[in-house]
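The exercises below are to be worked with the sequence and the coordinates side by side.

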Amino acid sequence: MGFFMSQADFSPALSLQVTDAREIARGIHLFELRHPQGDDLPEFTPGSHLEVLTPAGLVRKYSLCNSALERDRYQIAVKREPDSRGGSASMAEQLKAGDMLPVSLPDNAFELSPKARHHLLIAGGIGITPILAMARWLKETDEGKFKLIYCSRDAESTAFLEELQSDEWQGLVTIHHDGGNPDEAFDLWPLLENPKGGHVYCCGPRGMLEAIRDMTGHWTGGSVHFESFGAETRDTSQNTPFTVQLAKSGMTLEVPADRSILEVVREHGVQVSSSCESGTCGSCRTGLLAGEAEHRDMVLFPEEHDSQIMVCVSRARSDELTLDL
Ligand code: FES
């Protein structure tokens, strides 16, 4: 999983050495990172990501996919997006073993819930990266029952295929290839029909997340967790500019088609929490006082749409929104 963040917000905490760099599936590159002096690395929890300053000078977030019990290395897997603005392409084409890579400390906007009676982990494509760290943790620590569903186009595009087909994962993983045909998508409904006190975690393309959201309306609040990817290549060509009125600070700001509300208000010194910046974690929830929003997040329930907005991704249907900022 990889997605875009603002370069201005980035301050690397570590410079790590690339100790392995190789293509592990079609267009997917695995990087192993270690401390240059062999020191232990800061701990992380399953579902965590790193912010990375890519060779192209763009900041990207990539999920850690190795075991969170390991202290001597981090592993990230990067999909080279065909229409990348340079972030994933520069990782795939330029980053080699021996290079140094500036990264942040690990952060987690996609955590396993300790309250779950069982965990249903669903990955689509490169969305396997945080999901695999979760599955490794649950398997190694025995901290909860789990099942992993891993959907991809075909065997050649499936990262970690050999490992996940090995005996040690038998009975824990279902791998499904749809050949790129939506009619051949894995039928998740039998697994989602009865929640039974479980939590579901999904990382994959937007369409997959939306399908799961539609199938989990009867799950209790907080038991369905999403992480999306693909924001690096988000299409802004259909966006239109609009105005935001900030009720508390009294400012009126223009949001251009290629910027988010979050980016614009921050530029003007207004503090808003954020983590995923892809509409899945809920941390940038902001009060909507007037105007009609175009909600693009995976967090809000329909009954919240008139009064709340996720400012990292959502936009306006009306010319103007008034926010409780
Ligand atoms: S920062 Fe995660 S939903 Fe906006």
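**Exercise 1: the chain as a whole**

Residues 24 or more positions apart account for 67% of the contacts in the protein chain with a separation of 6 or more, where two residues are in contact if their C-beta atoms, placed from the backbone, lie within 7 Å. This is a predicted model, in which local features need pLDDT of at least 70 and side-chain atom pairs count only at pLDDT 80 or more, while totals for chains, interfaces and linings use all residues. Residues are numbered from 1 along each chain as its sequence is written.

Task: what radius of gyration would a compact globule of 325 residues have, and what does the protein chain have?

Solution. The rule, 2.2 Å times the number of residues to the power 0.38, is applied to a radius taken over C-alpha atoms. For 325 residues it gives a value near 20 Å, and the protein chain, with 20 Å, agrees with it. As a further step, the C-alpha trace spans about 60 × 50 × 35 Å along its principal axes.

**Exercise 2: the open sheet**

Task: in which order do the five strands of the open sheet with parallel pairing stand?

Solution. Start from the DSSP runs, in which helices (H or I) have at least four residues and strands (E) at least two, numbered from the N terminus; the protein chain has six helices and 20 strands. Strands pair if DSSP finds at least two bridges between them, and the order that results is β11-β10-β9-β12-β13. Because β11 (173-177) and β13 (224-228) each have a single partner strand, they stand at the edges, and one side of each is left without a neighbour in the sheet.

**Exercise 3: the surroundings of G287**

Task: is G287 buried, exposed or partly exposed, and why?

Solution. First locate G287, which belongs to strand β16 (residues 285-290). Then count C-beta atoms, placed from the backbone, within 10 Å: 20 or more others mean buried, 12 or fewer exposed, and values in between partly exposed. G287 has 13 such neighbours and therefore counts as partly exposed. Its contacts, leaving aside neighbours within four places in sequence, are S307, Q308, L323 and D324. The C-alpha atoms of G287 and Q308 are separated by 4.6 Å, although the two residues are 21 apart along the chain.
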